[in-house]
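Trainee: I would like a close look at one helix pair. Please walk me through the packing.

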Amino acid sequence: MRRQQLKIQLKTTDQIVKMRAAGLVVAEALEQMRKAVAPGVSTADLDRVAESVIRDAGAVPSFKGYHGYPASICSSVNEQIVHAIPSEKQVLQEGDLISIDCGAVLDGWHGDSAITVGVGEVRPELLKMAAVAEDAMWAGLAAAARGAASGRGKLSDISHAVEQAVRAGGRYGIVEGYGGHGIGTEMHQDPHVLNYGRPGRGISLTNGLCLAIEPMITLGSPKSIELSDGWTVITKDRSVAAHVEHSMALLEDGIWVLTALDGGRERLGDLVTARQPVES
């Protein structure tokens, strides 16, 4: 059988600037939700915060209506890994860990990002896992930037860097089958970007390639189950999970982390494109 041909959408600099605008909308929505996370707040409350920020910016929530999805965010608490639907009944409690995934489309271009946040006083091992996931995401972004700069980078270099960073952080499960993706005029595009694998495989990392990098790790097994609602994915062993994500673009002179308020400069330094202005 022939291997399916990937449809890779490379973007121009002008198009990437438009994606940056969408990314900043997502970043602001996540920042407001981060501030709103507290014991007694429902995930439906967070969804309303996101939708308000997105629509006030003249954008539209990417998730709402996507294959019938009913909300503007995914709000995954504790053993929920991804795609949990916000609910008035899901009220955050002290010690919870919540992963919030948010997307917006502005002027036809998408931004997509996720954060993991502790609710009140959280067990140190949960906060450490969230930090490891964050560090692994940045390791993947750095690998993308270095691979593009060398002219020899391949897609699985990102996957390998994420995996290595997770393994260096401790004994965590890297959720099987799930990962990042291409992004642009659609929220999900080719290629799929796993969070594990050998380096040196897949498409070349090149100017104009835009990807969402999103590690998902657990305190236990890497295996997952989809619930009967057709969306919510939980850990098979009910261990707590963390999920983070940034959308990025590769340009001739570096990377632009489109959903980071500073464009990625604090974590990536000189790897960031000079086209990225210094933003407050």
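In which hand does H1 pass H2 in their crossing?

Mentor: The model is predicted: local features need pLDDT of at least 70, side-chain atom pairs count only at pLDDT 80 or more, and totals for chains, interfaces and linings use all residues. Residues are numbered from 1 along each chain as its sequence is written, and side-chain values use heavy atoms, with hydrogens and water left out.

H1 passes H2 in a right-handed crossing. Right-handed means that the near helix is turned clockwise from the far one by less than a right angle. H1 covers residues 13–36 and H2 covers residues 43–56. Helices are DSSP runs of H or I, at least four residues; strands are runs of E, at least two; both are numbered from the N terminus. The two helices pack at an angle of about 150°, and their axes lie 9 Å apart. Axes are lines fitted to C-alpha atoms over the stretch in contact, and angles run from 0 to 180 degrees between N-to-C directions.

Now the contact (heavy atoms within 4.5 Å). H1 brings Val25, Glu28, Ala29, Gln32, Met33 and Ala36. H2 meets them with Leu46, Val49, Ala50, Val53 and Ile54. By class, that is nine nonpolar, one polar and one charged residues. Ala, Val, Leu, Ile, Met, Phe, Trp, Tyr, Cys and Pro count as nonpolar, Asp, Glu, Lys and Arg as charged, and the others, Gly among them, as polar.

For the setting, the protein chain has five helices and 15 strands. Its C-alpha trace spans about 50 × 40 × 40 Å along the principal axes. Of the contacts with a separation of 6 or more, 69% join residues 24 or more positions apart.
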